[in-house]
Amino acid sequence: MRHRVVILGAGFGGLELATTLSETLGDEIDVTLIDKSDAFVFGYSKLDVMFGRTSPEAVRLPYRELAKPGLRFLRQTVTAIDPGAKRVTTDDDVHEADTLVIALGADYDLDATPGLAEGGNEFYSVAGAARLAEVLPTFTRGHVIIGVCGAPFKCPPAPSEAALLLHDHLVSRGIREDCEISFVIPFGTPVPPSPETSRALTTAFAERDIAFVPGRRVSSLDPARRVAVLDDGNELAYDLFLGVPKHRAPEVVLASGMAEDDYIPVDTETLQTWFPGVYAVGDVATVGVPKAGVFAEGAARIVAAAVVAAVRGGPQPGSYDGLGSCYIEFGSGRIGRFDADFLSGPVPTGTFHEPSTALVAEKQQFGASRRSRWFGG
Ligand SMILES: Cc1cc2nc3c(=O)[nH]c(=O)nc-3n(C[C@H](O)[C@H](O)[C@H](O)COP(=O)(O)OP(=O)(O)OC[C@H]3O[C@@H](n4cnc5c(N)ncnc54)[C@H](O)[C@@H]3O)c2cc1C
């Protein structure tokens, strides 16, 4: 019988893993990729949707276009995971695996922040970004807070990007002087592993009169009084609240008993969970790297190499390296880049590349190359 790999979640990690396995082993194995959605959307596309640079329809990459040797995509919702038996139940079927990979990402827990669902607007989902694309053009004056409601959260630079792009949006409509922008984040700096990136961002905030409130988390909103309550009890009045909700692993993962502190602990070198033959990659896992697509992708390549070694024999893969490059929108049509190394030394290190228009083209190429590799065409 062919080796059966079941991958839960067709996001950044799941798509990279399925593609690498198909490229390397083709019909030699039997890969089942399961996702509840019918399309993939890059995380950064949510900012494009929110600021009206594109539509929610235009950023969808439909899974029906996935056609690869040895790969079967199933649109199903995972309802239970038995990691000991490597058995998965969905709303439609039961799947048995020889290798099981959890790549279900991180979900948003809006209820963890009282008042957020009623009084705020999250911009971390496509639906939230699409709603904001309608709300923002109607906003004409007052105080906008961009507030982070819990850490860890996906793509740590994203709320900084949102603040800078919001500035551009208000300038382009000629109403920047009628508006204030504040940015609340639980870290001491915008991107703690990179002092250079953080310095560039705080300089950009200062140049644009964006009030930076570091080291604070938004713990609740009082929609009636239009007030954001911070974790030190201080209050900030707002007219429009744009929030990054608290994250956690999807409910089905928490119910499986695999999670600890909201995520699945894994061996940092192999991405294997406590259960033999069961791996977790990407945002759903605790690995010591930020929750971002580039890191999910790197982790997926290590798991792919382990599957190839299991099927064909041969050497086990090297350790997961925790390397990744993050593109950061600085507004004014410029993008910077941070090349990070999270695991090789005692502390994360990296190199910051100044914002430029050349990096705008490079980021487009980053997306286009994934799109053609995963979906073809
Ligand atoms: C605003 C924003 C900007 C970002 N910018 C960047 C960036 O510039 N660069 C970067 O690298 N990263 C960026 N990210 C982060 C990036 O999107 C995520 O870190 C990345 O997608 C994580 O990949 P993953 O495979 O772990 O999970 P995901 O890509 O989230 O995929 C998880 C999949 O699991 C599926 N799923 C969940 N539960 C179930 C279930 N019960 N049954 C079936 N399927 C299920 C989901 O439908 C989803 O398709 C950004 C994120 C946001 C929100």
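Mentor: Let's start with a definition: a residue is buried if 20 or more other C-beta atoms, placed from the backbone, lie within 10 Å of its own, exposed if 12 or fewer, and partly exposed in between. This is a predicted model, where local features need pLDDT of at least 70, side-chain atom pairs count only at pLDDT 80 or more, and totals for chains, interfaces and linings use all residues. Residues are numbered from 1 along each chain as its sequence is written.

Trainee: What makes Asp261 count as exposed?

Mentor: Asp261 has 9 C-beta neighbours inside 10 Å, so Asp261 falls in the exposed class. You'll find Asp261 in the loop between helix H7 (251–255) and strand E20 (264–265). Helices here are DSSP runs of H or I with at least four residues, strands are E runs of at least two, and both are numbered from the N terminus.

Trainee: And what about Asp209, exposed or buried?

Mentor: Exposed, because Asp209 has 12 other C-beta atoms within 10 Å, and the class takes 12 or fewer. Asp209 sits in the loop between H6 and strand E14 (210–213).

Trainee: Which peptide bond is called cis, and what is its omega?

Mentor: The one joining Ala151 and Pro152, with omega about 5 degrees. Most peptide bonds are trans. Pro152 lies in the loop between strand E12 (142–148) and H5.

Trainee: How do you know that the span of helix H9 is close to the expected one?

Mentor: The expected span is 1.5 Å times one less than the number of residues. H9 (358–375) has 18 residues and reaches 26 Å from its first C-alpha to its last, close to the 26 Å expected.

Trainee: Why do we say the buried residues of H9 line one face?

Mentor: Those residues are Leu359, Arg370 and Trp374. Down the axis of H9 they fall within an arc of 45 degrees (the arc of the directions from the helix axis to the C-beta atoms), so they line one face of the helix. The face turned away carries exposed residues, including Ala358, Gln364 and Ser372.

Trainee: What puts the buried residues of H6 on the same side?

Mentor: The buried residues of H6 (195–207) are Thr197, Ser198, Ala200, Leu201, Ala204 and Phe205. They cover an arc of only 160 degrees around the axis, which puts them on the same side of H6. On the other side, Pro195, Thr203, Ala206 and Glu207 are exposed.

Trainee: How many residues surround the ligand?

Mentor: There are 35, where a residue is near if its C-beta atom, placed from the backbone, lies within 6 Å. Gly9, Gly11, Gly43, Gly105 and Gly282 are the closest. The shell divides into 19 nonpolar, ten polar and six charged residues. Ala, Val, Leu, Ile, Met, Phe, Trp, Tyr, Cys and Pro count as nonpolar, Asp, Glu, Lys and Arg as charged, and the others, Gly among them, as polar.

Trainee: Why do we say the ligand lies between domain 1 and domain 2?

Mentor: Because domain 1 (3–106 + 249–317) and domain 2 (111–246) both give residues to its shell. The domain bounds come from an automatic or database domain assignment.

How values were computed. Contact = placed C-beta atoms within 7 Å.
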